[in-house]
Amino acid sequence: MDSLPPQRMLPADNGSHLKATVKIPTDAYMMDFVFSEREDGGIFDNKGRMDYHLPVFGGTVKEPPLHVVHIAVEMAPIAKVGGLGDVVTSLSRAVQDLNHKVHVILPKFDCLNLNHVTDLHHQRSYSWGGTEIKVWFGEVEGLSVYFLEPLNGFFSKGCVYGCGNDAQRFGFFCHAALEFLQQGGIHPDIIHVHDWSSAPVAWLFKDHYMHYGLCKSRVVFTIHNLEFGAHFIAKAMAYTDKATTVSHTYAKEVAGNPAISPHLHKFHGILNGIDLDIWDPYNDEFIPMSYTSENVVEGKRAAKEALQQRLGLKKSDLPLVGIITRLTHQKGIHLIKHAILRTLERNGQVVLLGSAPDPHIQNDFVNLANNLHSSHGDRARLQLTYDEPLSHLIYAGSDFILVPSIFEPCGLTQLTAMRYGSIPVVRKTGGLYDTVFDVDNDKARAEAHGLETNGFTFDGADCGGVDYALNRAITAWYDDRDWFNSLCTRVMEQDWSWNRPALDYIELYHAAKKQ
Ligand code: ADP
């Protein structure tokens, strides 16, 4: 990498911009710029420590692709627990689509959904940690995945999380994954790790593997949720080369946390996207009619009828509120319950698809379901399971998707809702704040992002807050269907894909490589 001496920029044309000319070698393919008011100080702009990274056109050499290896314990759709699994798959696909090389290393859980793995075969075995580890290779959604199966049975417990010794199992996996790279002579540019479960890679790498052959790699650590494993996250933050979390607002919300605050210089917020191939109302085997923003009204009417039919709800044209969520404190359980009752009071229909890892919460919802199914069987259905195909039909068949989270690092359900022309009704927090702009209150903020308003939002964590957003939403549905339908078209046309965030990650990978 060559560096050039400082260049003075001079006013050009009528003084509307500045100009500088630099001579570069013919084999240069990328240039990084930083700007400074004076040579010795003044205002300095290095794009938040990322530099302005611009391609050179017409050179003799093209930029070599990056090699990125994700080490993770979730991957949609074969081992998905929440949004982390979605992100590993969809970010990898987006980066691969931009001609970079991406691999994923995953434990070979016995509960993997192997229907979505093609060409799975045993590749080789190696020994580490007092056990033999079988390496399997297969393709998932077009991505190359290595599955590690230690013969000590660590991943044969029937679940991803919640098997008693998760920290020990995942710590072992992280070590085994680095050992696999090392023994296999695989030297990626970037090792991308996720949340507490693959956080140990960051320090194992820096303490050991960086010194034996994996020296060219850099570690990027993404926090999907700071709620879990704060101790591991704090340690990984200290060791990693770059760290991200999944929205700007969540990055700001957690900036004061002692796990994060010493490391703000390497911490960036990059919004998640959704995978447009997996979530596509024009091409979705789980909905009755394919649609785009042009026939959204007909498409959603067909989906609503199919949903009502499938769940045994009254087939009539009522405002339908959908909720698709893990049922945990984070997701605003008391607000969810209140919204269900308010929707019924306003003569709407409500469908909840959710499951609770905590048996007390699950029981509580089973009771609520029993009560509502007998009192409002034609208008309420609580489906207390994990059911991906049904989630597609709910995204398509609902008028509104409610997300009243107490905190939400990014949130994918509001983005998927918009892709299917459903209007998000959300609490203003984290990524929900960054992606949903209230039709009545956020016009200026939306414009500042180059967007139009797209939903209903509320502050506070009490029932009055939910009512404020939900009542306006349902009233709009009853009073002005033409306007409501145009809102459905509008949200479908907004781009919440990985197009933009994937470029941000690639910039971050480049910035990490320079360290
Ligand atoms: P989190 O990661 O906190 O659970 P996100 O909104 O980031 O929340 O991601 C949740 C993902 O899981 C979404 O893709 C959503 O559709 C899916 N999901 C949540 N609960 C269920 C369920 N019961 N059945 C099917 N999919 C679900």
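## Close-up views of a predicted model

View A. V220 has K242 of β14 opposite it. The strands here are β13 (residues 218-223) and β14 (residues 242-245), joined in the parallel sense by 4 bridges. Please keep in mind, here and in every view below, that this is a predicted model. Helix α5 (residues 230-239) lies across β13, β14 and β15, and its course makes about 145 degrees with β13.

**View B. Zooming out shows an open sheet of 9 strands.** Reading across it, the order is β9-β10-β11-β8-β7-β12-β13-β14-β15, and the pairing is mixed. Which strands sit at the edges? They are β9 and β15 (267-269), each of which pairs on one side only. From one strand to the next, the twist averages 25 degrees. Helix α4 (residues 200-207) packs on this sheet and touches β7 (67-71), β12 (190-194) and β13. The direction of α4 makes about 145 degrees with that of β12.

**View C. A hairpin is formed by β9 and β10.** Strand β9 (residues 117-128) runs antiparallel to strand β10 (residues 131-140), and 9 bridges join the two.

**View D. S90 sits in helix α1 (residues 83-97).** Is S90 buried or exposed? With a relative accessible area of 5%, S90 is buried, because the cut-off for buried is under 20%. A polar atom of the S90 side chain lies 2.6 Å from the backbone oxygen of D86. Leaving aside residues up to four places away in sequence, S90 touches G273, D275 and W498.

**View E. Helix α1 packs against helix α16 (residues 499-513).** The axes of α1 and α16 are 9 Å apart and meet at an angle of about 75 degrees. The two helices are therefore roughly perpendicular to each other, since that description covers angles of 65 to 115 degrees. On the α1 side, the residues that meet α16 are L91, A94 and V95. Their counterparts in α16 are A502, Y505, I506 and Y509.

**View F. A further open sheet has 6 strands and parallel pairing.** The strand order is β18-β17-β16-β19-β20-β21. At the edges are β18 (380-383) and β21 (456-458), each pairing on one side only. Neighbouring strands of this sheet are turned by 15 degrees against each other on average, direction ignored. Helix α8 (residues 333-345) packs on the sheet, with contacts to β16, β17, β18, β19 (400-403), β20 (423-427) and β21. The direction of α8 makes about 160 degrees with that of β17. Helix α14 (residues 463-479) lies across β16, β19, β20 and β21, running at about 165 degrees to β21.

**View G. Strands β16 and β17 pair in the parallel sense.** Over 7 bridges, β16 (residues 320-326) is paired with β17 (residues 349-355). Opposite T325 you will find G354 of β17.

**View H. An annotated stretch covers residues 314-436.** In its unreviewed entry, UniProt gives this stretch the annotation "domain: Glycosyl transferase family". Over residues 314-436, the chain is 43% helix and 22% strand. The C-alpha atoms at the ends of this stretch are 30 Å apart.

How values were computed. Residues numbered from 1 in each chain as written. Predicted model: local features only at pLDDT ≥ 70, side-chain atom pairs only at ≥ 80, totals over all residues. Heavy atoms only, no water. Pairing = 2+ DSSP bridges. UniProt positions renumbered as here; feature names shortened; annotations may be inferred. Buried < 20%, exposed > 50% of the residue type's maximum accessible area, 1.4 Å probe, protein only. Polar contact = N/O pair within 3.5 Å; in protein donor to acceptor, adjacent residues only side chain to side chain. Contact = heavy atoms within 4.5 Å. Axes fitted to C-alpha atoms, helices over the stretch in contact; angles between N-to-C directions. Parallel < 35°, antiparallel > 145°, perpendicular 65-115°, else oblique.
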